[in-house]
Amino acid sequence: MEVASKVRLGGKGTLLSAQAVYDVAYHSAFVEIEFSNLDRLKQGSAKESVLLPAPTPTDKRHSMSETEERATLVVLLNKLLQSQARIRPFLPTFVAEILNLRISINLPSSTSDLEVSLEFVRAVYRFQKLFESSTYGEDFCEVGTCAIENSSVEGAVNDEVKTGGAINALKEKLSRLNAEDFGVTKDELEFLKLSDAASVGIAVLFSYPSSSLSVLSDVVAALSCEALQTSTQAFDSDTFNQPSTHKAEADVANDMKSLLMGSKSVNARKGGVSGDFIFSIPSVHGAFREASKVTVGRLRIDINRVGLPVTVSPLLLQSVVTLTLAFFPLISNSWRRATQTLKMIQDLHCPEIGTACSKMPFEHSEEELDKKKKVLSALSEIVLSENMDGGVSLFQEAFCLAKITRKALAMEAAAALSFLGLRDMLMHKQSARVITGLIPNDKQAKEVGSPATDDHGDSKISQRDKVPKGKEGTDRKKKGPQEIVLGKGTTAARQFLLQLLQDRCDLEKGVTEDARLCCWAKELHSFFEAKDADFQVLLDHLKAVVESNETRRLPKIAKGTRDFDPKQMAIREKAFGIIVAVFKRHGAVALDTPVFELRETLMGKYGEDSKLIYDLADQGGEILSLRYDLTVPFARYLAMHNLSNMKRYHIARVYRRDNPAKGRYREFYQCDFDIAGQYPLMVADFEAIKVLTELLNELDIGDYEIKLNHRKLLDGMLEICGVPENKFRTICSSIDKLDKLSWEQVHEEMDPYLL
C-alpha cells in the first residue's frame with residue numbers, strides 16, 4: 001500500500017490522534033519527527049549518558065501481529081517525544097525509522113506492558129549486534145546479562161528482516177548518530193517500564209473503528225428489517241421522548257427511523273418477523289454507541305499521557321471492559337437476524353432461483369462467541385484487580401472481538417442483500433398476490449422448519465392469506481408486478497454495497513446462492529474495516545441521508561423550554577431596552593459570564609436547591625455545570641479579578657433541573673442589578689428599590705406591590721425563632737415556596753429541621 005500521508009510528531013502543542021495511530025498501524029501514513037523536539041531532547045539528556053549492558057535474551061514466544069506492533073511503536077514514539085525525562089534523540093529516531101522502513105522487531109504478545117517494554121529494549125541491543133556483525137563480519141555472540149529480567153536465552157532478529165534491504169537502510173539512517181548512542185540508559189529504561197504504549201496502541205485498533213461500527217450496525221440492522229419485513233414499532237415508542245430515556249438509545253431509534261423512512265417493505269400487515277433481536281436494537285446499539293464514545297474520548301487523553309507513575313490508566317481499562325461487554329449482544333443479535341434471513345432464503349422453493357442454500361456460513365459462531373466471553377471475563381477480573389496487570393491481553397482479545405463483530409455484520413448484510421435480490425427477481429415474474437407465498441404461512445413453516453413457531457419466542461412469522469384458486473391471472477392483469485420500495489437510507493446502502501460487490505467479486509454465471517453468500521460475506525468482512533477508503537465514503541453518504549431525513553420529522557421542543565416568536569421578541573426587546581436604560585442611569589455597567597461554570601463554584605451555594613443544578617458530561621477533564629443564577633458567577637468574577645466595588649447589571653438565561661410545570665421552566669431569563677462594595681448603611685439597599693420602582697413605572701405595567709426579601713432580616717427572624725444557623729439556607733428554601741404552596745405544606749416541610 002502506498003504511503004498516503006504523514007503524521008508529524010513532537011511539535012509544540014501537537015497531539016497524536018487515534019486516527020493517526022490507526023493510519024500508521026495499517027501503513028496508510030508514515031511518521032515525521034519535529035527537529036526542534038530532537039534538539040530539546042539532546043539538550044535535556046545527560047552529556048555523558050551511561051548505557052546499560054545488553055539485557056539477557058528471553059525464550060522465543062508468540063509475537064504480536066504487525067498491526068499491533070506498529071500501533072504500539074507509534075504510541076511509544078509519541079510518549080518518548082513528549083516526555084520530560086532524560087530521553088536521548090537516539091530512541092525516538094530508532095522507533096521512527098523502524099516504522100517508516102516497515103521493519104518488525106517481534107514484540108511479544110504478552111500479558112503486560114512491562115514485558116513488551118523490556119522486549120523493546122532487547123530489540124535495540126539485537127539490532128546493535130546485527131549491525132556490528134554485518135560491519136565486522138563477526139558471528140552473533142552471547143548477549144551480556146543485565147538486571148532487567150532474570151531469564152537468559154538467545155535473542156534473534158527476524159530472518160526476513162536480516163536478509164532484506166531495510167536493515168541496510170536503517171543502518172544508514174542511524175549512522176548519523178554516534179555509534180556510542182546505540183543502547184538504552186537507566187533513565188530511559190525507567191521511563192519504558194512505566195509506558196502503557198502497548199495497551200493504548202492496541203486499544204486504538206479496536207476502539208477507533210468502533211464509532212464506524214456503530215453506524216454500520218445500524219445500517220445493516222435496517223437492511224435486515226427490510227428483508228424480514230419487521231415492524232418499526234420498536235423505534236416509534238413514546239419512551240424515547242421521556243427525559244429519563246438514555247440519549248444514545250433515542251438517537252439510535254431516530255436513526256433507524258431515518259434509514260427506513262419511506263419503506264413499503266417494513267410494517268407488513270402479514271408475514272413480518274419480530275423478536276427481541278429487533279425490539280432491542282435501540283438499547284443494544286445505544287449501549288455500544290455510548291461505550292464507544294466514552295472509550296474513544298478516554299483514548300484521546302491516554303495516547304498523549306506521560307509522566308504519571310502508573311502504567312495503564314484504570315479509567316481506560318474500565319471503559320474498555322464496558323465496550324467489550326457491549327460487543328456481545330451486538331454480535332449475538334446480528335447473527336440471529338442473519339439466521340432468520342438465511343432460513344427465509346432456504347424456504348424459497350422456486351426452481352428459477354437455481355440451487356437453494358445448502359449451508360449457513362459461520363454456523364459455529366455462537367460457540368466462538370461463548371469462548372470469547374469466558375476469556376474476557378477472566379481477563380477483566382485480572383485487569384480490574386489491584387495490580388492492574390494483563391491489560392495487553394485484554395485489549396488483544398477485544399481486538400479479536402471487533403473482528404468477530406465485522407464478521408457478524410458482514411454475514412447479516414450478505415444475507416439481507418441476497419434475500420432482497422431474490423425477492424426482487426421473483427417480483428418481476430409474479431403478481432403481488434402470488435408474491436405473498438414468499439414467506440410461508442404457519443402450516444408451510446412447520447413443514448420446512450422455518451422460525452414461524454419458534455419455541456423460544458425469538459421470532460414469529462404471521463400467517464399469510466392464501467391466494468384464491470384461479471384468480472392469479474386476473475389479479476396479474478389488473479395490478480401487474482408490484483415492486484417493494486425500500487427506505488431512502490437502506491436503498492442508498494443497498495445500491496452502494498451491490499455495486500461494490502459487483503466490482504470486487506468475480507462470480508461465474510449460475511453460481512449457487514450459498515457460494516454467492518460466502519463470497520459476499522468474505523468481501524464485506526474485508527470492506528467493513530475502517531482503513532478501506534470506500535467504507536468512509538459509504539458512511540459519509542449514509543450520515544447525509546440520516547441528517548436530511550431528520551429535517552422531515554416533526555420536531556419537538558424540550559420540556560421546560562419555550563420559543564419566542566417575532567411579536568414576542570419585539571415586546572421583549574422593548575422591555576429590555578427600558579430596563580437597561582434605567583440601570584445605566586444609575587451608573588451600572590454590563591457584565592456577561594459563561595453559561596457554565598466549574599461545578600465546585602456552584603455547589604454549596606443554594607442549600608437544598610443545589611440538586612437542581614444541571615451537570616454537564618466531562619468534556620476534557622473539568623466537571624462543569626450550567627449556571628443556576630447570575631449572582632454566584634458575579635461573585636466568582638469579583639474574586640477572580642480582586643474587585644471590591646462594582647455596580648453591574650446582567651440579563652441572561654439561567655437553568656434549573658426542575659420538573660417543568662405550568663409557569664415553571666427549566667430555562668428562563670433572570671434580570672440582575674447588583675451593587676458590590678462598602679457603602680453607608682442601607683444606601684445600596686435603597687438604591688436597588690429605587691431602580692426597581694423606576695423601571696416598573698416606565699414599563700407601565702399598572703399597579704404593583706414590592707415585597708422586600710432581605711436575607712439578613714430573615715436570618716434575624718430565624719435566629720429569634722431558635723433555628724440552628726446551619727439550617728438557615730434549608731429553611732429559607734422552604735419559605736421561598738410560600739407563593740406556590742400553602743402555609744400548612746411549607747410548615748410540614750420545615751418541621752423536621754425545626755425539631
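Some notes on this one, starting with a cut-off: a residue is called buried under 20% relative accessible area, exposed over 50%, and partly exposed in between. Glu-698, with a relative accessible area of 37%, is therefore partly exposed. Keep in mind throughout that this is a predicted model.

1. **Overall make-up.** The chain runs to 755 residues, and 47% of them count as buried. Its secondary structure comes to 29 helices and nine strands. If you take the contacts between residues at least 6 apart in sequence, 80% join residues at least 24 apart.

2. **Glu-698 and its partner.** Back to the residue from the opening. Glu-698 makes a salt bridge with Arg-585, and the closest N and O atoms are 2.9 Å apart. Glu-698 sits in helix H26 while Arg-585 belongs to helix H23 (residues 566–585), so this pair ties together parts of the chain that are 113 residues apart in sequence.

3. **Another pair, inside H26.** Lys-690 forms a salt bridge with Glu-694, with 3.8 Å between the closest N and O atoms. These two are four residues apart in helix H26, so about one helical turn separates them.

4. Over the whole structure, a search finds 30 salt bridges. One of them is worth a look in the viewer: Lys-79 with Asp-196, where the closest N and O atoms are 3.2 Å apart. Lys-79 lies in helix H3 (residues 66–82) and Asp-196 in the loop between helix H8 (186–193) and H9, so the bridge ties together parts 117 residues apart in sequence. Lys-79 counts as buried at 2% relative accessibility, and Asp-196 also counts as buried at 2%.

5. **The network around that pair.** Which residues do salt bridges with shared partners join into one network? The members are Lys-79, Asp-196, Arg-298, Asp-302 and Arg-305.

6. **Helix H9.** How many of the residues of helix H9 (residues 197–207) are buried? Eleven of the eleven, so the helix is largely enclosed by the rest of the structure. The buried residues include Val-200, Ile-202, Val-204, Leu-205 and Phe-206, along with Ser-199 and Ser-207.

7. **A nonpolar patch on the surface.** Ile-689, Leu-692, Ile-701, Tyr-704, Ile-706, Leu-708, Leu-713 and Met-717 form a nonpolar surface patch, and together they have about 710 Å² of accessible area. Two elements give two or more residues to it: helix H26 (683–699) and helix H27 (711–720). Met-717 is placed in helix H27, and it counts as exposed because its relative accessibility is 52%.

8. **A three-stranded sheet.** There is an open sheet with the strand order E5-E8-E9 and mixed pairing. Strand E5 (589–590) and strand E9 (667–676) are at the edges, each with a single partner strand, so one side of each has no neighbour in the sheet. E5 is joined to strand E8 (residues 646–655) by two bridges, and the two strands run parallel. In one of the pairings, Val-589 has Arg-648 in E8 as its bridge partner. Strands of a sheet pair through backbone hydrogen bonds, either parallel or antiparallel.

9. **A loop residue.** Ser-104 is found in the loop between helix H4 (90–100) and helix H5 (113–136). Its relative accessible area is 23%, so Ser-104 is partly exposed. Ser-104 and Ala-123 are 19 residues apart in sequence, and their C-alpha atoms are 9.8 Å apart in space.

Definitions and conventions:
Residues are numbered from 1 along each chain as its sequence is written. This is a predicted model: local features need pLDDT of at least 70, side-chain atom pairs count only at pLDDT 80 or more; totals for chains, interfaces and linings use all residues. Side-chain values use heavy atoms; hydrogens and water are left out. Buried means under 20% relative accessible area, exposed over 50%, partly exposed in between (1.4 Å probe, protein chains only). Contact means heavy atoms within 4.5 Å. Patches are made of residues with over 30% relative accessible area and no salt bridge: like charges are joined within 9 Å, nonpolar side chains (Val, Leu, Ile, Met, Phe, Trp, Tyr) within 5 Å. Accessible areas come from the Shrake-Rupley method with a 1.4 Å probe; for residues, only the protein chains shown count as cover. A salt bridge is a side-chain nitrogen of Lys or Arg within 4 Å of a carboxyl oxygen of Asp or Glu. Two strands pair if DSSP finds at least two bridges between them.
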